[in-house]
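Work through the following exercises with the sequence and the model at hand. Each task is followed by its solution.

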Amino acid sequence: RPAHRHLTKDGPPNVKNLKLRADDVAIPTTFDEALDSPDSKFWLYAMDIHVSTQMSDQIYELKEVPASAKTLKGGWKFSVKRDSDGYVVSFKARFYAKGWSQREGIDYAENEAYSPTAAYVTVKSVVALAALEQLNLRTIDVTNAYSQATLETKTGSETWLTQIPGYELIDASGNRLMGPSGRPLACLLKRSLNGLKISGQCWNTQLVESLKDDGLDLILHLH
């Protein structure tokens, strides 16, 4: 049965009891560096969690790359989360697309790389209004926010990404699987991903539509 290289079902290694100082942890830049690190079991578990989430969320579809398709490369971004005393709470890994090679007018349409953000004066106004009206403010953190949005471009082009380094689909002998025509398998993205030129706008569109469905209105200017 085909399997993903390095994807394990081991439980999380104990981090907090080790009292690792965040400043003493060497942050890798590639999968191989993470695997050769003294903290490899922590990095590997973080990558396993990230890849498992992408698979369950159906971020991509693994298919044979068409001969005419351009395939983007991807990479790993590693970091550690620390507590107030500077000790490591968890190891984090995120796979991203190297979207800087995407071309406007071909891979995405003009202005699709633009994504609006809240102005500082808007944030201050909301906080001031809440204080004036004695309202409660709550903030939320959306896990893998970009991946919650459907990847769509006005050019209609597909976005192909090489398989995640270290997690290529392999057969029982450990060889990388190829498509029926002998071409490599790659990820046909269905949802946006960190690093793509249009991911910010895709996420913003998805967020606005969801908030409108909940009965909220979009305020374009607040001064």
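Contact means heavy atoms within 4.5 Å, and buried means under 20% relative accessible area with a 1.4 Å probe and protein chains only. Helices (H or I, at least four residues) and strands (E, at least two) are DSSP runs numbered from the N terminus. The model is predicted: local features need pLDDT of at least 70, side-chain atom pairs count only at pLDDT 80 or more, and totals for chains, interfaces and linings use all residues. Residues are numbered from 1 along each chain as its sequence is written, and side-chain values use heavy atoms, without hydrogens and water.

**Exercise 1.** Identify buried residues of H2 and what covers them.

*Solution.* Among the buried residues are Phe42, Trp43, Met47, His50 and Val51. Their cover includes H1, strand E2 (60–64), E4 and E5.

**Exercise 2.** Describe the largest nonpolar core.

*Solution.* A nonpolar core is a set of buried Ala, Val, Leu, Ile, Met, Phe, Trp, Tyr and Cys residues joined through side-chain atoms within 4.5 Å. The largest one has 36 residues, and Met47, Trp76, Phe91, Leu161 and Tyr167 make the most contacts inside it. H2 gives the largest share, 6 residues.

Technical notes
Buried < 20%, exposed > 50% of the residue type's maximum accessible area, 1.4 Å probe, protein only.
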